[in-house]
Amino acid sequence: MKRANGLLIYTTLYLAFLYLPVLLLPLFSFNDGTIVAFPIKGWTLDWYRQLGAQDTLLNALGNSLIVGITTALLATSMGLFAARAYVRNRFPGKEASEGLVMLPLVIPGIIVASSMLVLFISIGLKPSLTAVILGHSFLALPFSVSIMKSAFDDFDASLEEAAYDLGSTVLETFRRVTLPVVAPGIVSSFLVTFTVSFDEFVLAFFLSGNEPTLPVYIWSQIRFPAKLPNTLALGSVLLLASVLLLVVAEYFRRRSSSKSA
Amino acid sequence: MFKLRSDTSRGLTLAAPATLYVGLLVAAPLVILVAYSMWTQTYVSIDRTPTWANYREALTDPLVRHLMIRSILIAGAVTVATVLTAYPIAYFIAFRARKKTLWLLLITIPFWSSYLLRVFAWKLILGFNGVMNSALMVTGMIDEPLTFLLYNEFAVVLTLAHAWAPFAILPIYVSLQKIDPSLLEAATDLGNGAVARFLRVTLPLTIPGIIAASLIIFIPTVGDYVTPSLVGGSDGKMIANLIQVQFGAANNWPLGATLSLLAMLAVGFVALVFALGLTAAGRRIR
């Protein structure tokens, strides 16, 4: 019993360590001073008010939204089809293919970024939002595939067979049976891949050229101490947005899993 | 027969887009990277006469060797620190916690936020006039700000150990969950104490989880760019910083390509040796 308590204390301290940086950004974003240190001078919402008036920021936000949404669409549709094949079909090279699509998770970011830059320049695609979208879809695909795989795992194949037996075509079955059942998985995959893209920095840093995404914009602001409070406010908004999106994604993922039970 | 063929062809068709996409974006850049590494940068243009000069330069330059070794050592230190600190957490959730899902959720939530912002937060925490120093001074625990917190290897290891926490906890947790409780009972019945039981049954059975966690952490860490740039200072710079310089300010893409390829080879080699070594060690304990 004593050992269990020691473990509990350690786990609690560890959790505090995990949450420390995530809670500090919002805390100091309300600080009425430009230095991030204790004691806190006073409380203000000014840093948040100033955010809306910055054109370059809004521009970067727009870029991030375009990239995030397109990436989410591309990665989720590829992931949806691939996961369907991995769970339902048997075909040669299936295991190799399943392993390959997970590869983007383990390649160091700098290597993905530099090699894609070299590739895109070689085929005449200048650094741009299109280049970032292609790169982010690559990074986001493993997330989509694993989420969609668990959605198909929990989905009774006999439902599809019944639809075929009742005379539905492949497309009709997909639209009227498969899609509604895996819809929560699709929503979850969409939100997760969007967030992966929305938060990604290194690839966007290499590939965005003169169309910065939000993390690239933040990177350019970090260097200026005077901009620090604004960066903190922006960062806090993004932290909140990411966590909210992923909590919603998790909700949908669970809904898709609990259906089979 | 018809059913089987349609099953196969449908599977191939559905898996094709994702497979081709990833396959192409892994293979094509690699081929072009290899080509670039054998070309030469001449001011604004590229000389395409094949040469080993970049490799010769990279392999003999003390700075490259220094940064490569440091990157691998730092990544190794991060891996060890993360796995060691994460193991008790995974153990706690697997064997002691009542609400496992809640604990797992609590551990993953901070990592649903931007990596860049979390590293940035550590920079603010560890800085000379930062959160940690000011908190310690306000509470009277120190008189002078501590200077060893930021801009060194320690800051890099700490920040990365934080960044990778769930990637260590989850695989170890999964391997702990898989342990058949009757094995633990058998060990106790055969007279093993808690420590011996842990070392002889639990630990060897979680080696696959430890290997998975270590590789997931080690490989990307060697090529990490953000953390060494923000909290590493000049003592904490890593190979990714040098690669970025070649593609940016130095504008020497062929050398950058060479460094990328060498980094990839080094990572692959160390990871392979590590995984084989740990597997062998796991067999010996048993």
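User: Counting the other C-beta atoms around B:Y151, is this residue buried or exposed?
Analyst: B:Y151 has 20 other C-beta atoms within 10 Å, and with C-beta atoms placed from the backbone a residue is buried if 20 or more others lie within 10 Å of its own, exposed if 12 or fewer, and partly exposed in between. This is a predicted model, in which local features need pLDDT of at least 70 and side-chain atom pairs count only at pLDDT 80 or more, while totals for chains, interfaces and linings use all residues. Residues are numbered from 1 along each chain as its sequence is written, and chains are lettered from A and ligands numbered from 1 in the order in which they are written. Because its count is 20, B:Y151 is classed as buried.

User: In which loop does B:Y151 lie, and what is its phi?
Analyst: Helices here are DSSP runs (H or I, at least four residues) and strands likewise (E, at least two), numbered from the N terminus. B:Y151 lies in the loop between helix 6 (131-138) and helix 7 (153-163) of chain B. Although B:Y151 is not a glycine, its phi is positive, at about 60°.

User: How exposed is B:N251, which also has a positive phi?
Analyst: B:N251 is not a glycine, yet its phi is about 50°, and its place is the loop between helix 13 (239-247) and helix 14 (253-285) of chain B. With 13 other C-beta atoms within 10 Å, B:N251 is therefore partly exposed.

User: How do the residues on the side of chain A that touches chain B divide by type?
Analyst: Taking contact as C-beta atoms, placed from the backbone, within 7 Å, 65 residues of chain A are in contact with 69 residues of chain B. The largest share of that side of chain A, 14 residues, comes from helix 1 (residues 2-29) of chain A. Ala, Val, Leu, Ile, Met, Phe, Trp, Tyr, Cys and Pro count as nonpolar, Asp, Glu, Lys and Arg as charged, and the others, Gly among them, as polar. On this basis the side divides into four charged, eleven polar and 50 nonpolar residues.

User: Which element of chain B has the highest mean pLDDT?
Analyst: The pLDDT is the predictor's confidence in each residue, from 0 to 100, and chain B has a mean of 86, with 98% of its residues reaching 70 or more. Among the elements of chain B, the lowest mean, 80, belongs to strand 2 (residues 45-47), whereas the highest, 92, belongs to helix 3 (residues 62-96) of chain B.

Technical notes:
Two residues are in contact if their C-beta atoms, placed from the backbone, lie within 7 Å.
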